[in-house]
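Hi everyone, thanks for making time.

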Amino acid sequence: MTRLRYIGMGCVLFAAASAWAGEFATAYYAGTKQGGWSQYTLTARDGTVSTYSYERKPDDDGRVVLELEVKTTGGVAAGSESTMTYTMPRGFDLPRNGMSYGKFIEKMTMKYGEMEMPVDDATLAIIRKAEKDYRGAVTFAGTEKVGALACDRYTYALDTESTRESGTLWLNDTIPFAVVRHAGKVVNADGTVASEFDMTLQDPGQIQLAQEAP
C-alpha cells in the first residue's frame, strides 16, 4: 500500500510501500479480537467443497488461541469434519504475524467426531514446517473491492523442495482473520498441477465474551 507525503509545493518527501520489500504493508490481523470469527467456502479443482470456520477463542494465560473447523460437503472427502485448536507462544504478535500463524504454533489439539487428541511435539514440528509462511513472499498488487469490502490485493509465491504455490490474497484488516478471498495453485516440480483452489468469505462476526482480556 503506497503512501505519499507532500511538503510545500507538492514535493514528494518519501514513498513507502511497506517497511520491507515482500512484507505485508498493514497488520492485517488487527481486527481479529477474542471472539472474532469468519466463515469461508473453499472450492478445489478436484471437486472438493468445504466450509472453513475460523475463530479466535479466549486467550489461555496470555497466549492467543485460534480454532479452525473444517466441514467437507463435496468431493471424495464429503461428510468429513475436523476441528483444530492452536495455541500460540506467549508474546506472539497476532496483528503482524497472523497470516503466518501456523509457523508459530506452540500447542495443538485435533478433534474428529467425539475423539479429541493433543498433537505430540514431533508431529507438531512437521506441521509447523509444512505451514505457509508469507513473510517476505508477498507483493502488493493494488486495491480492489470484493463484494462490499475494500481490499488490498497481494500476489505471492511459496516454494518447497517439490512444489511451488502461487496465488492472490484479498485482505481487509477490519474483519476477523483478514482474508476476503484467497485463490491459489500448487504446481509440482514437473509442471503438473497438484491442486487449485478458491476460498471466499461468506460471513464474519464477533462473539461478545463475558470477560475479554484487554
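Buried or exposed, which is it? Its relative accessibility is 18%, and buried means under 20%, so glutamate 55 counts as buried. Keep in mind that we're looking at a predicted model here.

Now, who does glutamate 55 team up with? Lysine 57 forms a salt bridge with it, and the closest N and O atoms are 3.4 Å apart. If that term is new to you: side chains of opposite charge can pair when their charged atoms come close. Lysine 57 has 25% relative accessibility, so it counts as partly exposed. Lysine 57 also stands opposite valine 65 in E5. Strand E4, residues 49-60, pairs with strand E5, residues 63-74, in the antiparallel sense, and there are 10 bridges between them.

Okay, let's zoom out. The protein chain has 2 helices and 13 strands. There's an open sheet of 11 strands, and if you walk across it you meet E8-E7-E6-E5-E4-E3-E13-E12-E11-E10-E9, with antiparallel pairing. The edges are strand E8 (115-118) and strand E9 (138-146), each of which pairs on one side only. On average, neighbouring strands in this sheet are turned by 20° against each other, ignoring direction.

Back to charges. The structure holds 11 salt bridges. In one of them, the side chains of lysine 107 and aspartate 60 meet at 4.0 Å, N to O. Lysine 107 sits in strand E7 and aspartate 60 in strand E4, so this pair ties together parts that are 47 residues apart in sequence. Both partners are partly exposed: lysine 107 has a relative accessible area of 44%, and aspartate 60 has 35%.

Another one joins arginine 164 and aspartate 159, at 2.8 Å from N to O. Arginine 164 is partly exposed at 41% relative accessibility, while aspartate 159 is exposed, at 53%.

Last stop, the inside. Of the 214 residues in the chain, 36% count as buried. Which members of the largest nonpolar core touch the most other members? That core has 42 residues, and the answer is Phe24, Tyr86 and Met99. Leaving aside neighbours within four places in sequence, tyrosine 86 is in contact with several residues, including Val65 and Lys107.

Notes. Residues numbered from 1 in each chain as written. Predicted model: local features only at pLDDT ≥ 70, side-chain atom pairs only at ≥ 80, totals over all residues. Heavy atoms only, no water. Pairing = 2+ DSSP bridges. Helix = DSSP H or I, 4+ residues; strand = E, 2+ residues; numbered from the N terminus. Axes fitted to C-alpha atoms, helices over the stretch in contact; angles between N-to-C directions. Core = buried A, V, L, I, M, F, W, Y, C linked by side-chain atoms within 4.5 Å. Buried < 20%, exposed > 50% of the residue type's maximum accessible area, 1.4 Å probe, protein only. Contact = heavy atoms within 4.5 Å.
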